[in-house]
Each structure stands twice: as structure tokens, then as C-alpha cells.
Amino acid sequence: MGTENRFKMSRERLAELKEELEYLQTVREKEVAEQIKEARSFGDLSENSEYDEAKTEQGKLYSKIAEIKSLIENAEIVEVSTAAGVVGHGSHIRVRALDDGSEDEYSLVGSQEANPMEGMISSDSPFGRGLMGHKVGEVVTVEAPAGQFQYEIISVEN
């Protein structure tokens, strides 16, 4: 398994994935099988759009199940940092950009939970890596594809 990618996530995210997998393999799989069975009863399969749609839905379902299984099998649980004032996984961070003085808040999360639009930044991103291990009051330089940016860490809550 050395070449497999590991997916960083919290215990909560892993539990959510297991719950979703259980639902897909039990409830949803039966629903799709019932759709296929019903569509078959309409007759000629070569001109049966309901059957085609149900089979497409089945393919999507099996693809989603395989994806979630892979995430679960390759999950790497990220422990939430408890060090006071030090940026780590699970930290809620407030930073000030030194170039324009703007302030933003972020939560540092595993790659599977990242959602930049909601302020949830992956610890694997350039920004997340740049902040990890730093303390309140420190100025950090973040290497990003668009260049270097400097931020002052205003607050850290773990």
C-alpha cells in the first residue's frame, strides 16, 4: 500500500463516510435494483429509456460506493491539535494579510474536509502548510502558485 494516497480526515469525517457507505449499500442499492426491475417490466429493453436511466443510476451508485470505500480504506486520522496558541489540525485561525491589512478566519482541516469557500483550509494546501506549527503574533510567509504572501497570525483557537 506504499503507493496509495492517504486521505487526511477527522474521526468525525470518517464516521460520516462509513454512515454514507452503509446507506448506499443498503437502502440506495435496493432502490436502484427496484427501479431496474420495474423498468424491465415495461418490455423491450432496446427502446426502454427508463431501463437505460436506471442502469446509468446503478453505475453512478457503484462508482460512488467504490470511491467511498477507497477513502475509508486509505483514511489517515488527523488528531486535533491541543497546544495552546499553536496552529495545528483543527485550529481556528485569524490572520492579517500584510500586503493590504485584510483579516480572514480559517479552520485548518484534513484534505477530505476542505472547503475554501467556507473558510475550511486543507493542512496539505500551501496556505495550511505555511501556518502549521506557528504561534500567535508570528509573521509567516506562504509560498503559493501566485507568489509569496505574508500573514500575521492574530489568534488561534484549538
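Student: Why does Ile-68 count as buried?

Tutor: Its relative accessibility is 1%. Buried means under 20% relative accessible area, exposed over 50% and partly exposed in between, with a 1.4 Å probe and protein chains only, so Ile-68 counts as buried. The model is predicted: local features need pLDDT of at least 70 and side-chain atom pairs pLDDT 80 or more, while totals for chains, interfaces and linings use all residues. Residues are numbered from 1 along each chain as its sequence is written, and side-chain values use heavy atoms, without hydrogens or water.

Student: Where does Ile-68 lie, and which residues does it touch?

Tutor: Ile-68 is part of helix α2, residues 49-73. Leaving aside residues up to four places away in sequence, Ile-68 touches Leu-17, Glu-20, Leu-21 and Leu-24; contact means heavy atoms within 4.5 Å. Ile-68 and Glu-16 are 52 residues apart in sequence, yet 10 Å apart in space from C-alpha to C-alpha.

Student: How many helices and strands does the protein chain have?

Tutor: The protein chain has three helices and seven strands. They are DSSP runs numbered from the N terminus: H or I over at least four residues for helices, E over at least two for strands. In sequence order the pattern is β-α-α-β-β-β-β-α-β-β.

Student: What makes the protein chain more spread out than a compact globule?

Tutor: The radius of gyration is 22 Å, well over the 15 Å from the globule rule for 158 residues, so the chain is more spread out than a compact globule. The radius is taken over C-alpha atoms, and the rule is 2.2 Å times the number of residues to the power 0.38. Along its principal axes the C-alpha trace spans about 70 × 30 × 30 Å. Of the 158 residues, 33% are buried. Among contacts with a separation of 6 or more, 52% join residues 24 or more positions apart.

Student: What is the strand order in the open sheet of five strands?

Tutor: The order is β5-β4-β3-β7-β6, with mixed pairing. Two strands pair if DSSP finds at least two bridges between them.

Student: Why do β5 and β6 stand at the edges?

Tutor: β5 (120-122) and β6 (139-144) each have a single partner strand, so one side of each has no neighbour in the sheet. From one strand to the next, the twist averages 45 degrees.

Student: How do you know that β4 and β5 pair, and in which sense?

Tutor: There are three bridges between β4 and β5, in the parallel sense. Leu-108 stands opposite Ile-121 in β5. Strand β3 (residues 92-97) pairs with β4 over five bridges in the antiparallel sense, and Val-95 stands opposite Asp-104 in β4. In the hairpin of β3 and β4, with five residues between the strands, Gly-101 has a positive phi near 80 degrees.

Student: How many aromatic pairs does a search of the whole structure find?

Tutor: The search finds two. One is Tyr-106 with Phe-127, at 5.0 Å centre to centre and 65 degrees between the planes. Rings of Phe, Tyr and Trp (its six-membered ring) pair if their centres lie within 6.5 Å; planes under 30 degrees apart count as stacked, over 60 as edge-to-face and the rest as tilted. Tyr-106 and Phe-127 therefore form an edge-to-face pair. Tyr-106 lies in strand β4 (residues 103-109) and Phe-127 in helix α3 (residues 126-131), so the pair ties together parts 21 residues apart in sequence.

Student: Why is the pair of Phe-127 and Tyr-151 called edge-to-face?

Tutor: The ring centres of Phe-127 and Tyr-151 are 5.0 Å apart and the planes stand at 80 degrees, so the pair is edge-to-face. This pair also links distant parts of the chain, Phe-127 in helix α3 and Tyr-151 in strand β7 (residues 147-157), 24 residues apart. Tyr-106, Phe-127 and Tyr-151 form one aromatic cluster.

Student: Are Phe-127 and Tyr-151 buried or exposed?

Tutor: Phe-127 has a relative accessible area of 13%, so it is buried. Tyr-151, at 16% relative accessibility, also counts as buried. Tyr-106 is buried as well.

How values were computed. Axes are lines fitted to C-alpha atoms, for helices over the stretch in contact, and angles run from 0 to 180 degrees between N-to-C directions.
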